[in-house]
Amino acid sequence: GTTVRVEYGDAAIAADPAGAHVISHAFPHTYGQPLAHFLRKTANVPEATVISEHPAVSVGVVFCGRQSPGGHNIIWGLHEAIKAHNPNSKLIGFLGGSDGLLAQKTLEITNEVLSSYKNQGGYDMLGRTKDQIRTTEQVNGAMATCQALKLDALVIIGGVTSNTDAAQLAETFAEAKCSTKVVGVPVTLNGDLKNQFVETTVGFDTICKVNSQLISNVCTDALSAEKYYYFIRMMGRKASHVALECALQSHPNMVILGEEVAASKLTIFDITKQICDAVQARAEKDKYHGVVLIPEGLVESIPELYALLQEIHGLHGKGVSMENISSQLSPWASALFEFLPPFIRKQLLLHPESDDSAQLSQIETEKLLAQLVEDEMNRRLKEGTYKGKKFNAICHFFGYQARGSLPSKFDCDYAYVLGHVCYHILAAGLNGYMATVTNLKSPVNKWRCGAAPISSMMTVKRWSRGPAATQIGKPAVHMATVDLKGKAFELLRNNSSSFLMDDIYRNPGPLQFEGAGADSKPISLCVEDQDYMGRIKKLQEYLEKVKSIVKPGCSQDVLKAALSAMFSVTETLAIMTSSSTGQGTPL
């Protein structure tokens, strides 16, 4: 329809109360704004705000994150929503990502332009360059562009970094009284932009489905040849969401999650021993094949390798050349560095990326582990503690082959809906919000469309550099790691023994657009109870019900019951809130 209905909720706050003061101080104009629920035409909500007048608007859109399947459908949905509410409105795309935004390189999005890109992968309609709009010069350049083009809104499509920058732009625009509203959209194939408002990101489902089919093909090959162990490194940056989801879909024999390694403080030798023990246990059942999944970010989860990388990056920061770094390492770091195979040494010496992280896609952790396992199995064979066949390994990196894939049906729908939500945010006059869709595991007609302030998704990292010194970082939308207490990880752990020994490989097949497999969604999404916005609404309904029952004139028994229940609830919530803050303890 051509009417926008908005129901405003309570003011959204940061999930970590300890960081709320820092965030509110950094974002005084955009922190503490209310949640927004966008309602369908038939919704009967008397207090909803109805927006029926839609003047012509000019909206800019820019790809800021790494390309992710489904990005084009966001622009398609946004274009259709804009034109449906006023045919005279314009959608302007910036060519070349943030560089194009700053240089005012534009392309007006029309039906003709969109016709070749609907339901297609990649970002090639507009392209992208750098991932950030962060420096004062960049922020001012973006504002100058918005003012010069008289944009009513700027839509930024990207992941945690891009949406952090979107929040900062929104705050700066509000402070400068720039009329352009800034809207963020959660798009990253790594699936690491997850919080109480965002259940999953556009592109994650596609990447996991494409990679799961490849893994399953390798599993079938391993089962057929019966003589190779495949070590497969998965994309996903520091978080292991892709590796976890692909393991749940394809059932490899082992998956090593970075979060589990970090929590248990496992060394490279601990991990090697775990794999070798698994190989030996399978050999006792006359099985000399297997598939091991390794997340891209594992190298930064292994304590001694992470410390070595930090020392190398510190020397890079001091201007030490790659050739001279090894000679300036501390004694322990030098000993570890010399122990590692030459190919890994060379990769660890690469310059860090713009966010100070290692070039994870270039570090062949799968080859390192395969070589260490082979050396250990040969040692056991020589000593007679292993009596099986010779260990043979084949290594793969399933990285960016899937980035340009056609989006899955779920990602097509999700992205298109988010595009429509972006217009609703603009129509409601909201600034510094992220488009959200929740209850995603349900059919499309049960999805809940809304918007949440990006500042409420932020956290503040703290770390200790000594007994007395605690440093506080800047507020940011930080990457979400795999929840080791979550239902998806629990499902993996409950099946890990049968995955390891029984070869119950599963092949989900290629992407489906019709038929029984078309509507499948990420397993890690479906097993979690994530309808946060729906549960907030349900809580509000209960509170309203209590208000309607406990009124002056109600019986003493009703009043006593209400007081007792409320006392118990508030005491419990107070304890939970204080424990989540850590009571000032450095994290």
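S5 and strand S6 (residues 106-108) pair in the antiparallel sense over three bridges; two strands pair if DSSP finds at least two bridges between them, and strands (E, at least two residues) and helices (H or I, at least four) are DSSP runs, numbered from the N terminus.

I noted that this is a predicted model, in which local features need pLDDT of at least 70, side-chain atom pairs count only at pLDDT 80 or more, and totals for chains, interfaces and linings use all residues. Residues are numbered from 1 along each chain as its sequence is written, and side-chain values use heavy atoms, with hydrogens and water left out.

I then looked up the pairing of S5 with S4 (residues 58-63), which is parallel and runs over four bridges, with Ser 58 opposite Lys 90 in S5. S4, helix H2 (residues 71-85) and S5 form a right-handed β-α-β unit, meaning that, with the strands pointing away from the viewer, the path from the first strand over the helix to the second runs clockwise.

How many of the five residues of strand S5 are buried? I found that four of them are (under 20% relative accessible area, 1.4 Å probe, protein chains only), so S5 (residues 90-94) is largely enclosed by the rest of the structure.

Of its 587 residues, 51% count as buried, and its C-alpha trace spans about 80 × 70 × 60 Å along the principal axes.

Definitions and conventions
Buried means under 20% relative accessible area, exposed over 50%, partly exposed in between (1.4 Å probe, protein chains only).
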